[in-house]
Amino acid sequence: MTDRELLNTALIAREAAYAPYSGYFVGAALLAEDGTVYTGCNMENASYSATLCAERAAFAAAISAGAHRFKAIAVAGGKGMKADEAASPCGVCRQVMAEFCDEKFNIILGNEQTLSVYSLGDLLPLSFSLED
Ligand code: THU
């Protein structure tokens with residue numbers, strides 16, 4: 001699975017996003033160490049704080065299926081049907097990633113044209129864990 005293939009899977013997952021309030025549609029594709037890909041999309045709610053981000057939806061799918069070790073996540077997002085921005089994971093999603101992944105975990109951001117790879121260590125330095 002290449003980074004481009006994982007990002008394309010996130011773009012497809014984005015098509016299911018439920019975002020009637022923000023109009024910001026996000027898809028995520030999470031690659032487990034065994035090669036399985038778990039997808040998620042954002043799911044909003046009239047009670048705004050009940051909104052779930054695409055990344056955490058993908059982690060919930062993976063953990064629910066018994067997967068605990070991961071290599072990478074790709075995230076694609078943008079306003080409306082366009083995915084011409086590069087959505088970056090929110091702080092809560094970064095913290096959830098840190099629960100299951102080390103600082104070398106890859107975070108792939110982009111759209112149909114662009115692709116950038118970061119590490120969790122880049123995006124969440126000095127992270128909090130119960131080992132601290
Ligand atoms: N969103 C995500 O799905 N992932 C992020 O990391 C950032 C934000 C969603 C939540 C909400 O449905 C919409 O984008 C606007 O914040």
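Glutamate 55 has a polar side-chain atom 2.8 Å from an oxygen atom of the ligand. This is a polar contact, a term used here for a pair of N or O atoms within 3.5 Å; within protein, one must be able to donate a hydrogen and the other to accept it, and residues adjacent in sequence count only if both atoms are side-chain atoms. Two further residues reach oxygen atoms of the ligand, as the table lists along with glutamate 55.

| Residue | Atom of the residue | Distance to a ligand oxygen atom |
|---|---|---|
| Glutamate 44 | polar side-chain atom | 2.5 Å |
| Alanine 54 | backbone N or O atom | 2.9 Å |
| Glutamate 55 | polar side-chain atom | 2.8 Å |

Taken alone, the ligand exposes 370 Å², and the protein buries 79% of that area; accessible areas come from the Shrake-Rupley method with a 1.4 Å probe, and for residues only the protein chains shown count as cover. S1 and H2 are the elements that give two or more residues to the shell around the ligand. Helices (H or I, at least four residues) and strands (E, at least two) are DSSP runs, numbered from the N terminus.

The model is predicted, so local features need pLDDT of at least 70 and side-chain atom pairs count only at pLDDT 80 or more, while totals for chains, interfaces and linings use all residues. Residues are numbered from 1 along each chain as its sequence is written, and side-chain values use heavy atoms, with hydrogens and water left out.

The residues surrounding the ligand include Ser22, Tyr24, Val26, Asn42, Thr51, Cys53, Ser88, Pro89 and Cys90. A residue is near a molecule or strand if one of its heavy atoms lies within 4 Å of it. By type, the shell holds 6 nonpolar, 4 polar and 2 charged residues. Here Ala, Val, Leu, Ile, Met, Phe, Trp, Tyr, Cys and Pro count as nonpolar, Asp, Glu, Lys and Arg as charged, and the others, Gly among them, as polar.

Cysteine 53, one of the residues around the ligand, is partly exposed at 21% relative accessibility. Buried means under 20% relative accessible area, exposed over 50%, and partly exposed in between (1.4 Å probe, protein chains only). A disulfide is a pair of cysteine sulfur atoms within 2.5 Å, and by this rule the count is 0. For cysteine 53 the nearest cysteine sulfur is that of cysteine 93, 3.8 Å away. Cysteine 101 is buried, with a relative accessible area of 10%, and its sulfur is 12 Å from the closest one, in cysteine 93, too far for a bond.

Arginine 14, in helix H1, is buried at 7%. Its C-alpha atom is 8.2 Å from that of alanine 54, although 40 residues separate them along the chain.

There are 5 aromatic pairs in the structure. Rings of Phe, Tyr and Trp (its six-membered ring) pair if their centres lie within 6.5 Å; planes under 30 degrees apart count as stacked, over 60 as edge-to-face and the rest as tilted. The rings of tyrosine 21 and tyrosine 48 are tilted, because their planes stand at 45 degrees, with centres 5.7 Å apart. Tyrosine 21 lies in the loop between helix H1 (3-14) and strand S1 (24-32), and tyrosine 48 lies in the loop between strand S2 (37-41) and helix H2 (54-64), 27 residues apart. Tyrosine 21 is partly exposed at 42%, whereas tyrosine 48 is exposed at 60%.

Phenylalanine 59 and phenylalanine 100 form a stacked pair, 6.0 Å centre to centre with 20 degrees between the planes. This pair links helix H2 to helix H3 (residues 91-100). Phenylalanine 59 is buried at 2%, and phenylalanine 100 is partly exposed at 30%. Ring pairs link Phe59, Phe70, Phe100 and Phe105 into a cluster.
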